[in-house]
Amino acid sequence: MNRSLVRFRFLFLVVVVTVLIAVALGYAQEGRKLRAGYASLSGNMAPYWAAKDAGLFKKYGLDIDLVAFPSGTEGMAAMIAGEIEFLAIAGSTTASAAIGGADVVSLAITTERLVVSLITLPSIQKGEELKGKAVGISRFGTSIDTAARMAIHHYGLEPIRDVSIVQAGTITSNLAAMRGGRIQAAILSYPTIIQARREGYRELLDIASLDVPYASSGITVRRSFMAQRRDVVTNYVKSILEATARIKRDKPFTIDMMMKYFRTKDREMMEETYDVSVNKYLKRLPAPTAEAFRSVVDELAQVNPKAKGQDPKRFYDDSIIQELEKSGYISALYR
């Protein structure tokens, strides 16, 4: 047989097999459950819990497993590895990963302030007294790390040089580290802030009160996944938007839900968490903005030279949110 013909048939067979494999993998991807991660146990995560508990994922045709990660760095690692499709994460973690070459982008920013506080030992009366002390965070490169650096700079001090930053793990682990004397201050979120106050620790700085626009929490996906399955991504965003409307309208449902996820019966603590995280700071229209990501880039540039001069618009895609807003979908949720 002619060698050219044999080679042609062989190449044709390779192409056919490759296409069949790709189709098979596509069907497998279609058939399995999607996975959505969240990277902190805080009031900011209420819309994602509500989307699951109120059946909104199912309403929009999604079969989703909700997965908790101890910090944003672990969540982002899982996303880059393709282990999850959606991630509720800070814009700083998304931007940092993208600068490093990851195929990730933010689609929505549900909270545009760092809703955390710098909590210290009662003996620390002023910010200047942090010099020579240690501040606990979850992991480097997370929004909690950003908040620590923001707080230290606020008092005219330099991170690392003047004030140590210690990775202590989860938010509750940071409070435990303060109890044990390993650190003298920590960045905490709600409701752990409330618990710390009750135990006599000092809330030295409410970082959200600095009123700095910041891409604090939102929805991140892989760009390739969005390109391949935009309809699925749109339905996921819709489920979070409707969940946001539900929890803003239905406080009793939300309080009961948060008590379940925080594993507490302390309704008073959940009431305050709701008032701050949901009522005050959770956005109805979670469109990412250049202003919020500019703060992210400016902060990253202090620790990563590659962040200098980066265009904030590189790190988000607001097209789905804009489409849903223009269609009247979002405003209809609040009628």
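The mean pLDDT of the chain in this predicted model is 90, and 90% of the residues reach 70 or more. Where pLDDT is low, the predicted coordinates should not be read in detail.

An open sheet is formed by 5 strands, arranged in the order β2-β1-β3-β10-β4 with mixed pairing. The edges are taken by β2 (64–68) and β4, each of which has a single partner strand, so that one side of each is left without a neighbour in the sheet. On average, neighbouring strands of this sheet are turned by 20° against each other when direction is ignored. Helix α2 (residues 46–53) packs on the sheet, where it touches β1 (34–38), β2, β3, β4 and β10, and the direction of α2 makes about 145° with that of β2.

Strand β10 lies between β3 and β4 in the strand order, and its pairing can be followed on both sides. Strands β3 and β10 run antiparallel and are joined by 3 bridges, with Ile89 having Gly218 in β10 as its bridge partner. Strands β4 and β10 also run antiparallel, and here 6 bridges join them; Ala108 stands opposite Ile219 of β10. In general, the strands of a sheet pair through backbone hydrogen bonds, either parallel or antiparallel. Strand β10 is mostly covered, as 6 of its 6 residues are buried.

Helix α4 (residues 72–80) has as its buried residues Gly72, Gly75, Met76, Ala78 and Met79. These residues lie on the same side of α4, because they cover an arc of only 160° around the axis. The buried residues of α4 pack against several elements, namely β3 (86–89), α5, β4 (104–111) and β10 (217–222). Just after α4, Gly82 takes a positive phi of about 80°.

Helix α5 (residues 91–99) contains Thr94, which is buried, with a relative accessible area of 1%, a value that falls under the 20% taken as the limit for a buried residue. Beyond four places in sequence, Thr94 touches Met76, Ile89, Val104, Val105, Ser106, Thr220 and Phe315.

How values were computed: Residues are numbered from 1 along each chain as its sequence is written. This is a predicted model: local features need pLDDT of at least 70, side-chain atom pairs count only at pLDDT 80 or more; totals for chains, interfaces and linings use all residues. Side-chain values use heavy atoms; hydrogens and water are left out. Helices (H or I, at least four residues) and strands (E, at least two) are DSSP runs, numbered from the N terminus. Buried means under 20% relative accessible area, exposed over 50%, partly exposed in between (1.4 Å probe, protein chains only). Contact means heavy atoms within 4.5 Å. The arc is that of the directions from the helix axis to the C-beta atoms. Two strands pair if DSSP finds at least two bridges between them. Axes are lines fitted to C-alpha atoms, for helices over the stretch in contact, and angles run from 0 to 180 degrees between N-to-C directions. pLDDT is the predictor's confidence in each residue, from 0 to 100.
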